[in-house]
Amino acid sequence: MNLRTSIASVGPLIPFIREDLGLSNGLAGFLTTLPLLTFATFSLFAPAIGKKMGMGRAVFLGISILTAGVILRVVGGIELLLLGTAMTGIGIVIANVLLIPLIKVRLPQKLGLMTALLATMMSLFAAIAAGTSVPIAVDLNFGWRGSLAFWAIFMVLALLIWIPQLSRPKAGMDTQSKPAKNVWKSKLAWQITIFMGCQSVMYFTLTAWLPDMLVARGWSPVEAGAVSSIMQLVSLIGSYFAPSVLIRLRQQSGVVLIVGIAYIFGFLGLFFETEWITYLSLTIIGLGMGASLSIAYTLISLRTSEDQTTAKLSAMVQSSGYYLAALGPMLFGISLDLFGSWNILIWFLVFFSVLFTGFGMAAGRDRKI
């Protein structure tokens, strides 16, 4: 529930943060890029942390760091905003990397269901955060600081619920009898990684800049945030049903092709400023976003045999993938400062849709690392 709210809540509030702190579009884009850079860097260390502490305890540590970062980023100026934002990325990625192998170790018979629930709850609360951030800031008079800090309530709740995991036997990868494969030398691992990277580029860039684009087209900030929320609510359908379909298929390439084509048509529809076309396009994109996140997580489990390899592939995919994703929001923010055109955003997303489809179809073939 908490692995996307601290990011999704920022996009709709960027106009308020930019005005209050005097940020450029490039630096405003960097606010959503910074967590991705910390995702990419610290995901490499997550398997070692999980092995040392046990994955259950490491997830608790991750949510603790996330909570501290969410609070820190709203109590000062630009420096604390950036430091706290970086901490949220560190906390998220520790939990994000380790939850997938933790599910595979603790609940192997419910892999499809639990992967679906993981992706669905992430998408659901991202949608809620995107849709309610501006009303919390404006209608409840919390301001952008109070609106961002609001989500720490659910993080504290998560910590309380997770306490029983601290006393359980260590769930780590050190009891695995088979050694891990070298995922960095695997062509298949790189295909999954680039597939995840393209998915992440599209998700984080659109999440960061869609509300601003709609405001530039004449929508109110509340309407823009609501539409972004609706898009992410629609993604729940894809998030929940994709894993149960994927694990029944010998190959997942056909599903990836369908999702990729849907992405392309959805993004092209954003060239039209007609309201109903915008809603239809974002509905199609939302379905694709939900499905593609679940596909990426499911492929990590389906393409590995050993628990250690699963954890290392999860780290590789989320490290290299998020380095790619980190380019998106910031590069577009800079291009907006330079050229002032929102069409660049749409072409940017179409380009990554094509890459997503190609690498995803390759990763979807029935093989093991």
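1. How far apart are the mean positions of the positive and negative charges of the protein? The model considered here is predicted. In it, the 24 positive charges and the 13 negative charges have mean positions 21 Å apart.

2. As to secondary structure, the protein contains 15 helices and zero strands. The C-alpha trace spans about 60 × 45 × 30 Å along the principal axes of the protein.

3. The radius of gyration of the protein is 19 Å. A compact globule of 369 residues would have a value near 21 Å, so the two agree.

4. Contacts in the protein were considered for residues with a separation of 6 or more; 85% of these contacts are between residues 24 or more positions apart. Of the 369 residues, 57% count as buried.

5. Thr-278 belongs to helix H13, which covers residues 275-302. The relative accessible area of Thr-278 is 2%; because the cut-off for a buried residue is under 20%, Thr-278 counts as buried.

6. Which residues does Thr-278 touch, not counting those up to four places away in sequence? Thr-278 touches Leu-214, Arg-217 and Trp-219, together with Leu-270, Phe-272 and Glu-273.

Definitions and conventions. Residues are numbered from 1 along each chain as its sequence is written. This is a predicted model: local features need pLDDT of at least 70, side-chain atom pairs count only at pLDDT 80 or more; totals for chains, interfaces and linings use all residues. Side-chain values use heavy atoms; hydrogens and water are left out. Helices (H or I, at least four residues) and strands (E, at least two) are DSSP runs, numbered from the N terminus. The radius of gyration is taken over C-alpha atoms; the globule rule is 2.2 Å times the number of residues to the power 0.38. Buried means under 20% relative accessible area, exposed over 50%, partly exposed in between (1.4 Å probe, protein chains only). Contact means heavy atoms within 4.5 Å. Lys and Arg count as positive and Asp and Glu as negative; His and the chain ends are not counted. The place of a charge is taken as NZ of Lys, CZ of Arg, CG of Asp or CD of Glu.
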